[in-house]
Structure formats: C-alpha cells, structure tokens
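Reader: I would like to learn how to read the features of a model like this one. Please go through them in turn.

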Amino acid sequence: MSRLPTHVTLCEVGPRDGLQNEKELVSTAHKLELIERLQAAGVRRLEATSFVSPKWVPQMADAGAVMAGLNAGLRRPEVAVAVLVPNEKGMDAALPLRPDEVVVFTAASEAFARKNINCSIDESIERFGPVIAKAKGAGITVRAALSCCLGCPYEGEVSAAQVERVAAQLAAIGVDHLSVSDTIGVGTPRRVQAALEAALRHFPLHQVSGHYHDTYGQALANVYASLELGVSRFDASVGGLGGCPYAKGATGNVATEELVFLLDGLGIDTGIDLDALVDTAAFISGVLGRPPVSRAARAVLAKRV
Ligand code: HMG
Ligand code: MG
C-alpha cells in the first residue's frame, strides 16, 4: 500500500469559486465575515476574490473592496491570501493590495479558454508574461489554475497529453504552482492520476494541487487517488459552494468539511477544525438563503439538534 502524506494543505476557494456563480450579489461585509470565520477555523491558504472584468463576473466586482477590507485589520500573517488575475489589468489592480499569491488561469481545452477568458490557450500564455514579471518583482508567488483537465463542457473528453502540453508552457514561463482542475467534475480516479502525472512531468510534487468539482460525486475519490501519488495540496470550498459561470451545470468544489472529515479519518493533519468549518458553512449558506449542500455539514448539524 502506498504511503499517504501525513499533512495536507487546503486552499479554501469558497470566497472566490464558491461565490462567483451566485446570481444575487453577496455584500462585501458578508464576504469579509466568511473569510474571517475561515481563518478562525484554521484555514491557512485561501482565494479571497478575483480581479476579473465585472461585466464577465459581476459577483467579483468588489475585489478591491474585499482586499482593502482584509488589509484593514482582518488579515492574519499566517494566512496566505491569493487572488485570481486573468491579465495585466487585473494584476495592476491587485498589486497595491498585496496578495501573497496571484492565480492566473487558462485551460487544457481550447474552447473553454475562449469561453472563459476570451482568448486562445497560446494567447493566454502570452498575457501571463507581464503578470508573472510583476509578481516576481514584488515577491508574490504565481499559481496557475488549469481548467478542464479531465473534460470540457464544449469539447468533451480531454486527454492527459493536452494537460501536459499546457503544463509545459506554464512551467516554461515561470509559474510556481499548478492546480490541476476538473472544472465539470467528470474525472474518475485513474484518469485524475494520469492528468496529475502529466502535470508532475513539469512541476515538482509539492507544487501541484488538485481542484476537483464534485458534479458527479467523484471529488473525494479523486482526492484519495491524488494522495496515493503523494499530492498534498487541494482546493476546497466551504459548504461545497461553487461553479464557473462559463461551465454550465458544473456544481461546487469538493466541500472543505467533507475533505477535512476524510483527512481526519485517515489521520492526515490539516490544522482545520471541523466544527468551526461546519459553522462557517451554515453561516454562508444562511446568507445565501438555503441549507448547506454538503453531506458532512448536514450530518454534523443534525447531530447537534
Ligand atoms: P475581454 O472582454 O476580452 O477583455 O475579456 P478586454 O481586454 O477586451 O477588455 C474589455 C473590458 O473589460 C474593458 O472595459 C476592460 O477595461 C475590462 P470597458 O472598456 O469595456 O469598460 N477589463 C477588466 N476589468 C477589470 N479587471 C480586469 C479586466 N480586464 C479587462 N482584469 C477577460 C477578457 C479575461 C477580462 C474576461 O474574459 C474575464 O474577466 N474573464 C474572467 C472569467 C472568470 O472569472 N471565470 C471564473 C474564474 S476561472 C474558474 O472559475 C476556474 C477555476 O476555478 C478552476 C476550474 O475549476 O477549472 C479557477
Ligand atoms: Mg473551479
């Protein structure tokens, strides 16, 4: 049996991926309370917001206000705060607000890149050049999120060879870390391992993470398959919120509380407190006016009654 990692780092994407698809605007104050609760629960990496076009994603229009609010006393030195930036304009807006990490994003499928960022994969790589130069100049790490590594809503199945081609391009321009993303949650464990192996030909093990949407209920199985390869970083979204506005029908990321329950059970440390996380899932679900979707959150809440 393969040895699993003893510690896993989770990047909480609820405030960004979790909320970006919500039609009703969530107030900046509620976003800040969400982030504060996540930090208090033990989250040490998080995606706070996206510096994208407000016409494309209206929910992220308050990116500057979220970061300014964090900087005005809520930010904790032990927490790495990441923001998404699709281009130099986004980088210029983000830079004065001092993110610890910027996340550029493209896709393993040509059609999805066009729908999501309005350019080809090769054009996106070119756009990232000045973003990376500015990030490195400011001592900010650069992660790339590579969408549609297992399947594309427009092109269907995506091969590991397609993942490898773009992973190589991203490594060549100086990206530090790659998030292998299953945007529409169609991956199953062996195929996820093949996609990760493709990424691992260009990035070291500690610089690859899994970002698995749970549309088909495969995300936890895919996390386990990733652990078997030694991958020890995952994105997750509190309450299982999320989806991409340009991937219709895709549901949320793996719920952070389900992942923490799994990892606790495996004796793998995350530093995150399950009960505080479930309280946070209940809080943000309440803001959105519905009960938490994750089974772990519902189970913990039912037990308390
Ligand atoms: P475009 O329309 O081609 O951009 O969009 P443009 O350069 O032609 O500019 C058009 C307008 O947008 C101009 O404004 C620009 O100033 C403005 P106007 O003159 O019309 O008033 N603009 C911006 N405004 C604010 N911030 C910016 C910015 N850039 C241009 N950074 C663009 C290209 C990339 C901007 C657009 O396609 C976009 O914003 N896309 C983002 C889509 C998005 O956020 N998707 C969700 C995040 S990715 C995701 O969820 C996947 C992930 O979770 C992994 C996975 O699951 O797969 C990470
Ligand atoms: Mg996503």
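**Domains, fold, helix and metal site**

Author: The C-alpha centres of domain 1 and domain 2 lie 20 Å apart. This is a predicted model, in which local features need pLDDT of at least 70 and side-chain atom pairs count only at pLDDT 80 or more, while totals for chains, interfaces and linings use all residues. Residues are numbered from 1 along each chain as its sequence is written, chains are lettered from A and ligands numbered from 1 in the order in which they are written, and side-chain values use heavy atoms, with hydrogens and water left out.

Reader: Into which domains is the chain divided?

Author: Domain bounds come from an automatic or database domain assignment. Here they give domain 1 (15–86), domain 2 (100–253) and domain 3 (255–305). Contact means heavy atoms within 4.5 Å; by that criterion 22 residues of domain 1 touch 27 residues of domain 2.

Reader: How many helices and strands are in the chain?

Author: Helices (H or I, at least four residues) and strands (E, at least two) are DSSP runs, numbered from the N terminus. The chain has twelve helices and ten strands. Its radius of gyration is 18 Å, close to the 19 Å that the globule rule gives for 305 residues, so the chain is as compact as a globular protein of that length. That radius is taken over C-alpha atoms, and the rule is 2.2 Å times the number of residues to the power 0.38. Among contacts between residues at least 6 apart in sequence, 74% join residues at least 24 apart.

Reader: What percentage of the residues is buried?

Author: Buried means under 20% relative accessible area, exposed over 50%, and partly exposed in between (1.4 Å probe, protein chains only). Buried residues make up 55% of the 305. At the other end, Lys55 counts as exposed, at 76% relative accessibility; this residue sits in the loop between strand S2 (45–50) and helix H3 (63–74).

Reader: Which residues of helix H5 are buried?

Author: An α-helix has 3.6 residues a turn, so residues three or four places apart point the same way. In H5 (residues 110–117) the buried ones are Phe112, Ala113, Asn116 and Ile117. They cover an arc of only 105 degrees around the axis, which puts them on the same side of H5. The arc is that of the directions from the helix axis to the C-beta atoms. Their cover includes strand S4 (101–107), helix H6 (121–137), strand S5 (141–147) and strand S6 (151–152).

Reader: What is the phi of Asn118?

Author: Most residues other than glycine have a negative phi. Asn118, which follows H5 and lies in the loop between H5 and H6, has a positive phi near 60 degrees. Arg98 also has a positive phi, near 55 degrees, and its place is in the loop between helix H4 (88–94) and S4.

Reader: Which protein donors does the magnesium ion (ligand 2) have?

Author: Donors are N, O and S atoms within 2.8 Å of the metal (3.2 Å for Na, K and Ca); water is not among the atoms, so sites may look incomplete. For this ion they are Asp17 (OD), His211 (NE2) and His213 (NE2), lying 2.1 to 2.2 Å from it. Distant parts of the chain are linked here: Asp17 is in helix H1 (residues 14–20) and His211 in strand S9 (residues 208–212), 194 residues apart.

Reader: Are Asp17 and His211 buried or exposed?

Author: Asp17 is buried, with a relative accessible area of 2%. His211 is buried too, at 6%.
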